[in-house]
Amino acid sequence: MAVKLNTKKSKSLTFDELNAYKVAYGGAMGAKELTYFVGLPAFLLGLFSFLLLYNGWVTGVCSVIGAIYGWRTLLPRVTIKRYEQEAFNQRNKFLNNITQVLTDDNQTVLMALDKVKIRADGEFREDLKRFHAMLIGADDTGVRDAVIWFAEQYEDDVIFVQYLEQLETSMIEGKTNVETLKDIKSYHNDIRKKQALYEAAKQGHLRDMRQLVIITAILIIALAVSFGFTTYLRVFARSIFGYISAGLYLTIMTVFFRQFLGYYFDDSVMEIRK
């Protein structure tokens, strides 16, 4: 089972920790992720600095700064975001599957868990298998301990924890309240739909951001062409005024970009907490 990390704690993550997130619901961290989320910031910052000043040293320094930002900030946030989304989807899938099985009065919670655990994936599947194993032959205390352990793995998802508590009651009392389980499952489904709509809205803003980057690059090129390359170099790119202006512009764009990413990765409005 992949090592669980605290996704709510802000800290620098090692490559092994990032890889653990990636492996939990997919393959290992590969060249594709590194190229895109580390190489892209390096390329963009280097590109804009080059278009403004046509200075190889400045371009190199800006590219290194972009790569460091991608490695220390962008790659971890993207990796954790995808991990949390897939973990939530797995829990939602589990609630729907087990509720459907338990509509059959002949199915006990233990029997239902045995059926649905093979439908889960990744880290959640391993946790579910362990949870099922802990329940086999358990008395009431053992059932409570198993539920407590499983709930602690996903304690941020309050609706999921409430569902587990209902399963605990069903196992101890020997009677399943299917209607209550359906209500909790439906609420979890509603949360998932709202999260999907919220994510779609953010993807729309991301497309706008990409268009802004392209338009800005075109405007800079058009400015250089309109003045003539030689004149642009002499009047702007090789002057103190040009370096100060380019520095201010890159600083403003960097701050704007960071604020946008802060919004893009902020899912606190959709958190399910007590």
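## Helix contact and pocket report

Tyr 54 is found in the loop between H2 and H3. In this predicted model, Tyr 54 has a positive phi of about 50° although it is not a glycine.

The axes of helix H3 (residues 56-102) and helix H5 (residues 122-135) come within 8 Å and cross at roughly 45°. That angle makes H3 oblique to H5. The crossing in which H3 passes H5 is right-handed. On the H3 side, the residues in contact are Tyr 83, Gln 90, Arg 91 and Phe 94, and they meet Glu 123, Phe 124 and Leu 128 in H5. Sorted by class, the contact of H3 with H5 has 4 nonpolar, 1 polar and 2 charged residues.

H3 also takes part in the lining of a pocket. The second largest pocket holds about 1,000 Å³ of space. This pocket is lined by 33 residues, and those closest to its centre are Leu 40, Leu 44, Leu 74, Phe 257 and Leu 261. Two or more residues of the lining come from each of helix H2 (31-53), H3, helix H8 (178-227) and helix H10 (240-264). By class, the lining divides into 23 nonpolar, 5 polar and 5 charged residues.

Conventions: Residues numbered from 1 in each chain as written. Predicted model: local features only at pLDDT ≥ 70, side-chain atom pairs only at ≥ 80, totals over all residues. Heavy atoms only, no water. Axes fitted to C-alpha atoms, helices over the stretch in contact; angles between N-to-C directions. Helix = DSSP H or I, 4+ residues; strand = E, 2+ residues; numbered from the N terminus. Parallel < 35°, antiparallel > 145°, perpendicular 65-115°, else oblique. Left-handed = near helix turned anticlockwise from the far one by under 90°. Contact = heavy atoms within 4.5 Å. Nonpolar A, V, L, I, M, F, W, Y, C, P; charged D, E, K, R; others polar. 1 Å grid on protein atoms, 1.4 Å probe; cavity = no way out; pocket = protein on both sides within 12 Å on 5 of 7 lines; lining within 4 Å. Points joined across faces, edges and corners; volume = space filled by probe spheres on them.
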